[in-house]
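Hi,

Here is the structure I said I'd pass on. Have a look at it first, then read my notes below.

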Amino acid sequence: MFRIISGKWKAKKIAAPKNFDVRPTTDFAKEALFSILENKYDMQSISVLDLFAGIGSITFEFASRGCQNITSVEMNPKHTAFINSTASELDMALQINVQRGDVFDWLKKFRNKKSFEIVFSDAPFEMEEKKYHELISLVLNNKYLKENGVLIVEHQSRMKLDHPNLIDTRKYGNVSFSFFEPNKENNQEL
């Protein structure tokens, strides 16, 4: 169970089926994250890519705040069905485009097709650090970020993601968000 923190559906509780193996971002961490994002972006006018969307905790938070253009990528067919049915129930179906597939394959397939202000990744905590670096490279080197965009990677606090584009890491208990800026046009080879 998770709840939407703010926006049209503020305080709405969303219960996932008991057999779902998910770890939604905590309310405390979500509140802090969206406080940062709302100071930088107008939620109604941005596009968002939610990678490893799970059961849509972050997707629904963006949609509740008025974001009209959210692409959610999730491999588990039960989870994608849950996001779609919940989006319909909450009148968010037009805001959310759910794509079922492996995130790494998806990023390779759609490279250089569409850019976003925010790319959010909440990969499984047990994912190896080298896979995190592969993910960061795929996003940054394939124009998934607009010039004013940011890649946010949620990860265990004990993991330190070192990268030339890393601009900030915020720690909330055992969860951290690392923020990465887009590649500058003249250093695309990073």
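How many salt bridges does a search of the whole structure find? It finds ten. Keep in mind that this is a predicted model.

Let's start with a linked group: Lys30, Glu38, Glu61 and Arg65 form a network of salt bridges. In another, Arg65 meets Glu38 at 2.7 Å, N to O. Arg65 is in the loop between H2 and strand S4 and Glu38 is in helix H1, so this pair ties together parts that are 27 residues apart in sequence. Arg65 has 8% relative accessibility, so it counts as buried, while Glu38, at 38%, counts as partly exposed.

Elsewhere, Lys108 and Glu134 make a salt bridge too (3.6 Å, N to O). That one ties helix H4 to helix H5.

Now the nonpolar side. The largest nonpolar core has 63 residues, and Leu51, Phe62 and Leu107 have the most contacts inside it. Helix H5 gives the most to this core, with six residues.

Last, the largest pocket. Its volume is about 630 Å³, and 28 residues line it, with Asp21, Val22, Gly54, Glu74 and Pro124 nearest its centre. Helices H2 and H3 each give two or more residues to that lining. By class, the lining has 13 nonpolar, seven polar and eight charged residues.

Cheers

Note on methods. Residues numbered from 1 in each chain as written. Predicted model: local features only at pLDDT ≥ 70, side-chain atom pairs only at ≥ 80, totals over all residues. Heavy atoms only, no water. 1 Å grid on protein atoms, 1.4 Å probe; cavity = no way out; pocket = protein on both sides within 12 Å on 5 of 7 lines; lining within 4 Å. Points joined across faces, edges and corners; volume = space filled by probe spheres on them. Helix = DSSP H or I, 4+ residues; strand = E, 2+ residues; numbered from the N terminus. Nonpolar A, V, L, I, M, F, W, Y, C, P; charged D, E, K, R; others polar. Core = buried A, V, L, I, M, F, W, Y, C linked by side-chain atoms within 4.5 Å. Buried < 20%, exposed > 50% of the residue type's maximum accessible area, 1.4 Å probe, protein only. Salt bridge = Lys/Arg side-chain N within 4 Å of Asp/Glu carboxyl O.
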